[in-house]
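Let's take a look at aromatic pairs and salt bridges. The structure comes up next, and the notes follow.

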Amino acid sequence: MNDSEREQALLTALTTEHFALETARSGTIAESTGRATIYLSVLSAALIGLGFVASNDKLVRPYLGAVLPILVVIGLLTFLRLVETTVENSLDLWRIQRIRAYYHHRFAGQHDFFADAVTDEGTMRSAWSLVGIERGRWEFLLTTAALVGAVNALLVGLGVALLAGLAGVGHTLAIPAGVVVALAAFAAQFLYILRTAAAERN
């Protein structure tokens, strides 16, 4: 195989890989959307059920005691899988960006085709620039995993506030305790996202 044939074979392989990665990204995005939709639907159903029992003090506490743990468990399972799909999507973006940078260096010449894949110095841009997001840790706040993590944190904080109220702690302490726990729960989940993403990138 001469150099021209080898170049053509590589281009064909890269084009196929580019298409496969785009397909994989579509799959992870669809799965993330589906899982988040199911979770939020369950949460909405639980809130509707709460509306039916809210007028009966004897039913509210048992209802919340049964429903809140279930929602937290479902939320955590959903969160863990969404972190995986977020990382998979990030890796696919990075691989696509490498292919686009190769297209620009090898074939674009003086044209602007795929120029957004490289910087002015010729190095590859962040993969997240493909979707209009600046490189950095904070882009993960915009993911579906972070959204579900925020809902989970609210539920955990609510549970702590309710437990504190049942234990006889006044509202002036129960509510701040719930807020602090909710913030800590969200921070822990966000840290988990960052660590998982960093581990996969390495």
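Start with Phe186, which is partly exposed at a relative accessible area of 25%. Bear in mind that this is a predicted model. The ring of Phe186 pairs with that of Phe190: the centres are 6.4 Å apart and the planes sit at 10°, so the pair counts as stacked. Both residues belong to helix H4, 4 residues apart, or about one turn of the helix. Phe190 is buried, with 9% relative accessibility.

The structure has 2 aromatic pairs. Phe79 and Tyr192 make up a tilted one, because their planes are at 45°, with ring centres 6.0 Å apart. This pair ties together distant parts of the chain, with Phe79 in helix H2 (residues 57-108) and Tyr192 in helix H4 (residues 171-201), 113 residues apart. Phe79 is buried at 3% relative accessible area, while Tyr192 is partly exposed at 37%.

Now for the charged side chains, where the count is 6 salt bridges. Here are some of them:

| Salt bridge | N to O distance |
|---|---|
| Glu22 and Arg25 | 4.0 Å |
| Arg81 and Glu84 | 2.6 Å |
| Asp92 and Arg95 | 3.4 Å |

Glu22 and Arg25 are 3 residues apart in helix H1 (residues 3-53), about one helical turn. Glu22 is partly exposed at 34%, but Arg25 is buried at 13%. Over in helix H2, Asp92 and Arg95 are also 3 residues apart; Asp92 is buried at 7% and Arg95 partly exposed at 37%. Salt bridges with shared partners also link Glu31, Arg35, Arg81, Glu84 and Glu88 into one network.

Note on methods
Residues are numbered from 1 along each chain as its sequence is written. This is a predicted model: local features need pLDDT of at least 70, side-chain atom pairs count only at pLDDT 80 or more; totals for chains, interfaces and linings use all residues. Side-chain values use heavy atoms; hydrogens and water are left out. Rings of Phe, Tyr and Trp (its six-membered ring) pair if their centres lie within 6.5 Å; planes under 30 degrees apart count as stacked, over 60 as edge-to-face and the rest as tilted. Helices (H or I, at least four residues) and strands (E, at least two) are DSSP runs, numbered from the N terminus. Buried means under 20% relative accessible area, exposed over 50%, partly exposed in between (1.4 Å probe, protein chains only).
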